[in-house]
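Let's take a friendly walk through the aromatic rings of a protein model. Have a look at the picture first, and then we will go from ring to ring.

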Amino acid sequence: MGGTMIFQRVSRVAVLALLVVPVVAVLAAPPAAAEPRGRSQAQAAASARRMLAQLKVARPLSIRGYTRDRFQPRWGRYKGRCDAREAVLARDGRRVRRNASCHPVKGVWYSPYDGKWLKSEKYVDVDHVVPLAYAWRSGAKRWSKAKRHAFANDLTRPELVTVSHSANIAKGGQGPQSWRPQRRAYWCRYAVSWITVKRHYRLFVTRKEKVALLNMLRTC
């Protein structure tokens, strides 16, 4: 009798475990937009190393003359009433609901920099992977206003990503030699994105920046 009761308890625990595990897995998994897709990390890293080798290495330009308005007095229009920021929030979020003006009023967002789940848009920022001020010092200072605006609103390259407000503030305008995502698991993706953006826009890198990027690619 005692053995039968023990068996029944064990069976119930096993069934409950089977029911609980899938729920935890769903909550822990980041959205597709936050992690690499298609190519493996190793392939992405190999491609990024080739692109990085092609980038010019130089000393940073002066920050003199920089203002955010030189790139982005406001978010660029995307489709209809939606701007680029609203498009990124819709792309990266889950169960996003927008009002008539396209502004998100409900949703859940995952911040790949620090692993936080954000249940309100007020805690969410859209980060420029290569910060605007950093791009300015990497060559964008010499661009036309139109090119800087296109860079700041680029939805094709991996330049815009949804992150927590706290992570965005911590990063500021720093490069990878000074700041890295809190989640080491995201370093590979971050370095690949950074290099992809710089290669497309022909922005140069500093020696310390290049070393930092290579170190991050070793985590791929």
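We start with a charge and a ring: arginine 180 lies over the face of tryptophan 187, 5.0 Å from the ring centre. A charge counts as sitting over a ring if NZ of Lys or CZ of Arg is within 6 Å of the ring centre and within 35 degrees of the ring normal. Arginine 148 is placed in this way over the face of phenylalanine 71, at 6.0 Å from the ring centre.

Before going on, note that this is a predicted model: local features need pLDDT of at least 70, side-chain atom pairs count only at pLDDT 80 or more, and totals for chains, interfaces and linings use all residues. Residues are numbered from 1 along each chain as its sequence is written, and side-chain values use heavy atoms, leaving out hydrogens and water.

Now for rings that meet rings. Rings of Phe, Tyr and Trp (its six-membered ring) pair if their centres lie within 6.5 Å; planes under 30 degrees apart count as stacked, over 60 as edge-to-face and the rest as tilted. By this rule there are 14 aromatic pairs. One of them joins tyrosine 66 and tryptophan 136, edge-to-face, with 5.9 Å from centre to centre and 65° between the planes.

How exposed are the two partners? Tyrosine 66 is partly exposed, at a relative accessible area of 23%, while tryptophan 136 is buried, at 3%. Here buried means under 20% relative accessible area, exposed over 50%, and partly exposed in between (1.4 Å probe, protein chains only). Both residues belong to one aromatic cluster, formed by Tyr66, Phe71, Trp136, Trp143, Phe151 and Tyr201.
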